[in-house]
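Please read them with the structure open beside the text.

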Amino acid sequence: MKVELRNLTKIFPSRNKKSSEEVVAVNDFTFTVPDGKLIGLLGPSGCGKSTTLYMISGLQKPTSGQIFFGDDDVTELSPENRGIGLVFQNYALYPHMTVKQNILFPLQNLKGADRMSKEAMIERAYYVASLVQIDELMERKPSELSGGQQQRVAIARALVKMPKVLLLDEPLSNLDARLRLQTREEIRRIQKETGITTIFVTHDQEEAMSISDMIVVMKLGVVQQIGHPQEVYNNPTNLFVAKFLGTPPINVLSGEVRGEKLYISDDAVLDVPGVDDRSVFVGIRPEGFIVDENGALKCELSNIEVMGRDVSIVSKHPASLNPIIRSIINADQSVSGTSTVRYSLKSNKVFLFDTDTEERIYFGDQAKNEEN
Ligand code: ATP
């Protein structure tokens, strides 16, 4: 089922009687989620991702704009009539019911033509339980399950009515690191097996990037960029998106363009064809550095951390906006100096940004990518 958001806006009135300042939680969000895809809604706390999800579910009404499921305008429909499955961060299972009863519950409340026979309900409950691999646990109570198992029950309960759209609100944040990894793979597998259009809210960029077909990056209610995770990582539209995606994060330095060359302090570190003379912010991905004894970028070496396959070099530079610069190189490269490290740069891993608007300034071949 295709989900279309048209100019979706949500404004919360001011709670403070003395001030009339309202909160624009979501501002003019237009996007079509293609049928059968998994979309990650991503951004820092307060950026409006949960509000977007609640509007799609029908739990909150938009201030303006419309929501379509396929060709049907569902903007005015109640959550029960939208054909959605919803999974919350805290699972929200009924503690006094067994797993089986929890999963059966939404079916028992079906009305009219949707009503099912007892046998059909049981068959459906076992089908979704096997899909999320909890069919062995049907007689247990939620308190007798691990966090990961409880989350699977919540997903089974959301799937049991065969929803057209599955909505997940931070579904992994109550799980420990290992279980998060495992469960996110599970969600991806279940989504692929069922082919249900799924919208997934998270503040964890790694989580969103690893399982989403497309990510939507939001900031203060406004969509910043939409695209395939790797595309957005490789081609961020502004400094906020560049900083939000990537672990370790992008390094940001002050720079100057003069005569189509990028200067960091007094050193010309890269050719930047097509860019006029100006001040810029320079974003360099950790994998964008090449250790090179003739390299133009000279940094003060602080530490070398070997992490199996890769080596992480921690260094400092007066033009850096962060306390340290972190680069990642292959373990087979070596650093010869003890107090300094010199780098040359990979031009496709270097991004320039306007110092006022923080919007991207494209150079050389990058301009072509932007048009794509
Ligand atoms: P988090 O990751 O912390 O859940 P979020 O990105 O999901 O954040 P929302 O919960 O959508 O953000 O909130 C967006 C903005 O709307 C925030 O500034 C929040 O304070 C505000 N907001 C959310 N719900 C309400 C409400 N019921 N009344 C007033 N303001 C609200």
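1. Glu-186 belongs to helix H5, helices being DSSP runs of H or I with at least four residues and strands runs of E with at least two, numbered from the N terminus. Glu-186 counts as buried because its relative accessible area is 13%; buried means under 20%, exposed over 50% and partly exposed in between, with a 1.4 Å probe and only the protein chains considered.

2. A word on what is being read: this is a predicted model, in which local features need pLDDT of at least 70 and side-chain atom pairs count only at pLDDT 80 or more, while totals for chains, interfaces and linings use all residues. Residues are numbered from 1 along each chain as its sequence is written, and side-chain values use heavy atoms, with hydrogens and water left out.

3. As to the overall picture, the secondary structure comes to nine helices and 21 strands, and the C-alpha atoms fill a box of roughly 75 × 50 × 45 Å along the principal axes. Buried residues make up 48% of the 372 residues. Among contacts between residues at least 6 apart in sequence, 65% join residues at least 24 apart.

4. Which residues are closest to the ligand? The shell holds 13 residues, each with a heavy atom within 4 Å of the ligand, and the closest of them are Ser-45, Gly-46, Lys-49, Ser-50 and Thr-51. Strand S2 (23–33) and helix H1 (49–57) each supply at least two residues of this shell, and H1 gives the largest share, three residues. By residue type the shell divides into five nonpolar, five polar and three charged; here Ala, Val, Leu, Ile, Met, Phe, Trp, Tyr, Cys and Pro count as nonpolar, Asp, Glu, Lys and Arg as charged, and the others, Gly among them, as polar.

5. Oxygen atoms of the ligand lie 3.0 Å from a polar backbone atom of Cys-47 and 3.0 Å from a polar backbone atom of Gly-48, whereas for Thr-51 a polar side-chain atom is 2.5 Å from a ligand oxygen. Taken alone the ligand exposes 630 Å², and the protein buries 64% of that, the areas coming from the Shrake-Rupley method with a 1.4 Å probe.

6. Beyond its neighbours within four places in sequence, Leu-159 is in contact with Val-128, Leu-131, Val-132, Leu-166, Ile-190 and Ile-196.

7. Val-275 sits in the loop between strands S13 (267–271) and S14 (278–284). Is Val-275 buried or exposed? Its relative accessibility is 3%, so Val-275 counts as buried. Not counting residues up to four places away in sequence, Val-275 touches Val-257, Glu-260, Leu-352, Ile-361, Tyr-362 and Phe-363.

8. The peptide bond from Thr-247 to Pro-248 is cis, with omega near -10°, and Pro-248 lies in the loop between helix H8 (239–244) and strand S11 (251–258). Asn-7, in strand S1 (residues 3–12), has a positive phi near 50° and is partly exposed, with a relative accessible area of 42%. Glu-170, in the loop between S7 and H5, has a positive phi near 45°, yet Glu-170 is buried at 9% relative accessible area.

Technical notes:
A polar contact is a pair of N or O atoms within 3.5 Å; within protein, one must be able to donate a hydrogen and the other to accept it, and residues adjacent in sequence count only if both atoms are side-chain atoms. Contact means heavy atoms within 4.5 Å.
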